[in-house]
Amino acid sequence: MTQYETIIGLEVHVELKTKTKIFCSCSTEFGAEPNHHVCPVCMGLPGVLPVLNKKVVEYGILAGLALNCQIADFSKFDRKNYFYPDLPKAFQVSQYDLPIAEHGHLEFDTGEGEKRVGITRIHMEEDAGKLVHQGSISTTTHSLVDYNRTGVPLIEIVSEPDMRSPEEAKAYVEKLKAIIQYTDVSDCKMQEGSLRCDANVSVRPLGNKEFGTKVEIKNLNSFKAMQRALEYEIERQIDVVEDNGQIVQETRTWDENKGITLALRSKEEAQDYRYFPEPDLVPVVISREWVDSIKKLLPELPDEKKRRYIEEFGLPPYDASVITVSKDIASFFEACTRNYPEAKAISNWIMGDLTRLLNSHNMDIKECSIKPQQLVEMLKLLDNGTISGKIAKTVFEAMFETGKDPGVIVEEKGLKQISDASAIEGIIDRAIEDNPKSVEDYKKGKKKAIGFLVGQVMKASKGKANPQVVNDILQNKLDHM
Amino acid sequence: MKLYQKTAHRLHEMLLNKEVSSEEITQSVLNRISTVDEKVGAYVTVLGENALDTARKVDRKIKDGTNIHPLAGIPIAIKDNMCTEGIRTTCSSRILYNYMPPYNATVIERLGEVDAVMIGKTNMDEFAMGSSCENSAFFPTCNPWSTDRVAGGSSGGSSASVAADEAIVALGSDTGGSIRLPAAYCGVVGMKPTYGAVSRYGLIAFASSLDQIGPFGKDVTDCALLMNVICGHDPMDSTSVKFDVPDYTTFLANNVKGLKIGIPKEYMGEGIDAEIKNSIQEAAEKLASLGAEVEETGLPHTKHGLSAYYLIAPAEASSNLARYDGVRYGYRAQDPEDMIEMFKKTRSEGFGPEVKRRIMLGTYALSAGYYDAYYNKALKVRTLIKQDFDSAFEKYDVLLSPTSPIPPFKRGEKVDDPLQMYMVDICTLAVNLAGIPAISLPAGMVNGLPVGLQLMGKPFDEGTLLRAAYTFEQNTVHHENKPSI
């Protein structure tokens, strides 16, 4: 049976979080009433002209630097012409042959080592508006158009066809997202559309040098959608090849409900965008001085941070990768380390309970009510024996729910660990009395039976008894019976 | 002389001397419009009450002793491709027949700041595409000198309004000669400033890299006064240039001594009407007699200008005019089957034949596989033409030529022959490709029809053009000719 290799390249659109749009001073804020963030310029009314938002270029350069790109010293805008009701000028101002940044790369961990994916180019462009169909798109009698998003600045990041599996594609986007978020030029919220993916996919028999015919898949608007769409498409293409068929060069769209990709248009039907230089804008001339000054704004990026965490805090590489995926998680972690020496304990809590709670509440760490100092205090309570490891989980959840300090929660709920032997002895005696079978087993040499007895004591003390103390007293008592 | 026949600078003196009120001037012009516009067809929209309101405001200022600008209270006609807030702006197109802009073009704002009296919106070739003002979706504008002839285009309404005394001054736009040609045909002064000297914000685009707004006047002085108002950097237009705007009236000196004038032979050769050639020769001799050094020169790439122009301008137009799709404003076709049909029907019904022709030309020139052969090559020719001018201006201060190769032609004569119509632009369009300034002024009459003299200058050297034009005007009587409409 023939083995196949998958070739994936990605085009990622990232909405820049400038305050105003790319060519006018309208707000870019998400979620406004339809057609409230519009003006004659972004509506493309007759006679209007664009004026480039300098911040967009700055953000483009910043993203380019973070992705190891060469920054152009001469860049220009071009018009991409096509008709659609959400595109008020019937052309999108984009960049064609002289993009702001080129020849970059990023690296991610595949589990079998580092993988490098080339970044072909980054270009700046304006976003289009949004059609709101009345009912389903196929049966609708009319559609409404919301132009709030029209003119929101985007960068499109085009990768080389360097990925070989849906997992790598996912890892690439995750890493890209992390880097872009670190630079703070975008929120990269897939659910709000501030990060959108299109993929170019082809398959070829393993060992072949020639690429197969590629298919573009649009509408990959979540990690899950991307993974599923790619898996489906690869299988579809292999089936076509196996049946001695021909892959058609075309654009397909991912149908989330049906779980399949659908043909949108073939290469022959592909639009001729008739790109030409935008005559209403002057070329963008970028001085080395400007690039250098922007370079200074570049924060410590995930890879550097990861290396530092390994060296400085002795974190295992896996922990360091996970913690540095998000800038906010990393800063939470670092804030904790300033007041607590056990970095590994911090990363355990972040990667374990905290991540679980955030995920189950669909929350971002920034929205989390637990502050780094509170986690530190809780760890200290754990260390000094005020609470047990088991109680700590309860306290942590309460902290998450209420935002209260761990000390307050322990006090209010009476969760303080009981380490005083005299307070525990009575409970232990009752456990011995109630479980003669276990005592007998222990005496017969089944030393494990003590575990059951400790469990009974813990249960009776509602988890507050110090398990070590319980264990010691129990053993002593049993051995002297 | 009636009020409506006077120049802006003369009327300004009269206003200052309280010999007349702006209301009287405005009323006089409005009356003139009611009398003659039936025959001329200069206006798409006449602003009676609005104009009189502004006039009265100026009169109050004069009464209060407030300083007024030389153009305050002076009726001005505006080509109907400049956006005027709350006033219909049509581009003389069916597709914008009902379009009401929510904002003012920068030039309109600037005219408002000096209290100029906007008296109406003038007819034009649809979307400024044409050389005769016959391509209006509404009606043609006729030449006031002979109403069976064309007014020239595309700013024919503006030039005819000034020539027929239906406005004191006017604004037009010039993409390949659209100010200068109608100025020549109607016997008035028209100037195309350097690309970037005047903001295009609010000028409904035809070809963005060529379009430029400019003035019409009954004499050179009035043009200079308008230049003072409209020129200067505008943050809303990225292609407008930051430069120190001079007081253009300071260049109005009767002196061309030592001025070096070149006559490019390509502009005086084949295809130029013999009598026009004579008038231009006479004009050149006149300037020489006044002390200018006049000699023949050459602009070797001139012959390729027309082809380059008719690729670049339509290419940009095909994109600029794509927004008229019936979705948001303007004309929308009735009962389309679906979205695509709405686009197609709206555009088929909304645009006239010349606009469609240019959209198709431009779309073709930009298409995959043709881009390099057409659009890109045209850009290279454009660079060569620019270089021709650059080297000519190393030697000369001003270049002199006819504005049009032929006198105003009969209406209907060329409408079915686009190539013949395009040829009318051969003396004017290279100026737009090079981005330089040029002025057209009356240089005599041939068979009762005006002849236009074109002077071309270095970028941002409008001052020298104005000085040369003013000197010519002061020493000739051509500008005093009036049509007997």
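This is a predicted model: local features need pLDDT of at least 70, side-chain atom pairs count only at pLDDT 80 or more; totals for chains, interfaces and linings use all residues.

Student: How should I read the packing of two helices, for example H12 and H15 of chain A?

Tutor: One begins with the angle and the distance between the axes. Helix H12 (residues 421-434) and helix H15 (residues 467-479) of chain A pack at about 55 degrees, their axes being 10 Å apart. An angle from 65 to 115 degrees would count as roughly perpendicular and one under 35 as roughly parallel; H12(A) and H15(A) are therefore oblique to each other. The crossing of H12(A) past H15(A) is right-handed.

Student: Which residues make that contact between H12(A) and H15(A)?

Tutor: H12(A) contributes A:Ala421, A:Ile424, A:Glu425, A:Ile428 and A:Ile432, while H15(A) contributes A:Val469, A:Val470, A:Ile473, A:Leu474 and A:Lys477. Eight residues of this contact are nonpolar, none are polar and two are charged.

Student: Why do residues three or four places apart point the same way in an α-helix?

Tutor: An α-helix has 3.6 residues a turn, so residues at that spacing point the same way.

Student: At what angle do the axes of H10 and H11 of chain A cross?

Tutor: The axes of helix H10 (residues 389-402) and helix H11 (residues 406-413) of chain A cross at roughly 110 degrees and come within 9 Å. H10(A) and H11(A) are therefore roughly perpendicular to each other, and their crossing is right-handed. In the contact, A:Val395, A:Ala398 and A:Met399 of H10(A) meet A:Pro406, A:Ile409 and A:Val410 of H11(A). Its residues comprise six nonpolar, no polar and no charged.

Student: How many residues of chain B and of chain A are in contact with each other?

Tutor: The contact involves 34 residues of chain B and 25 residues of chain A. On the chain B side, helix H9 (302-320), helix H10 (339-350) and helix H11 (353-366) each supply at least two residues, and the largest share, three residues, comes from H9(B). This side of chain B divides into 20 nonpolar, eight polar and six charged residues.

Student: Is B:Thr239 buried or exposed?

Tutor: A residue counts as buried if 20 or more other C-beta atoms lie within 10 Å of its own. B:Thr239 has 20 such atoms, so B:Thr239 is buried. B:Thr239 is found in the loop between helix H7 (220-230) and strand E9 (260-264) of chain B. Leaving aside neighbours within four places in sequence, B:Thr239 is in contact with A:Asp280, A:Val282, B:Gly196 and B:Arg200.

Student: How many residues of helix H5 of chain B are buried?

Tutor: Helix H5 (residues 156-163) of chain B is mostly covered, with eight of its eight residues buried. After H5(B) comes B:Asp165, whose phi is positive, near 60 degrees.

Methods
Residues are numbered from 1 along each chain as its sequence is written. Chains are lettered from A and ligands numbered from 1 in the order in which they are written. Axes are lines fitted to C-alpha atoms, for helices over the stretch in contact, and angles run from 0 to 180 degrees between N-to-C directions. Helices (H or I, at least four residues) and strands (E, at least two) are DSSP runs, numbered from the N terminus. Angles under 35 degrees count as roughly parallel, over 145 as roughly antiparallel, 65 to 115 as roughly perpendicular and the rest as oblique. A crossing is left-handed if the near helix is turned anticlockwise from the far one by less than a right angle, and right-handed if clockwise. Two residues are in contact if their C-beta atoms, placed from the backbone, lie within 7 Å. Ala, Val, Leu, Ile, Met, Phe, Trp, Tyr, Cys and Pro count as nonpolar, Asp, Glu, Lys and Arg as charged, and the others, Gly among them, as polar. A residue is buried if 20 or more other C-beta atoms lie within 10 Å of its own, exposed if 12 or fewer, and partly exposed in between; C-beta atoms are placed from the backbone.
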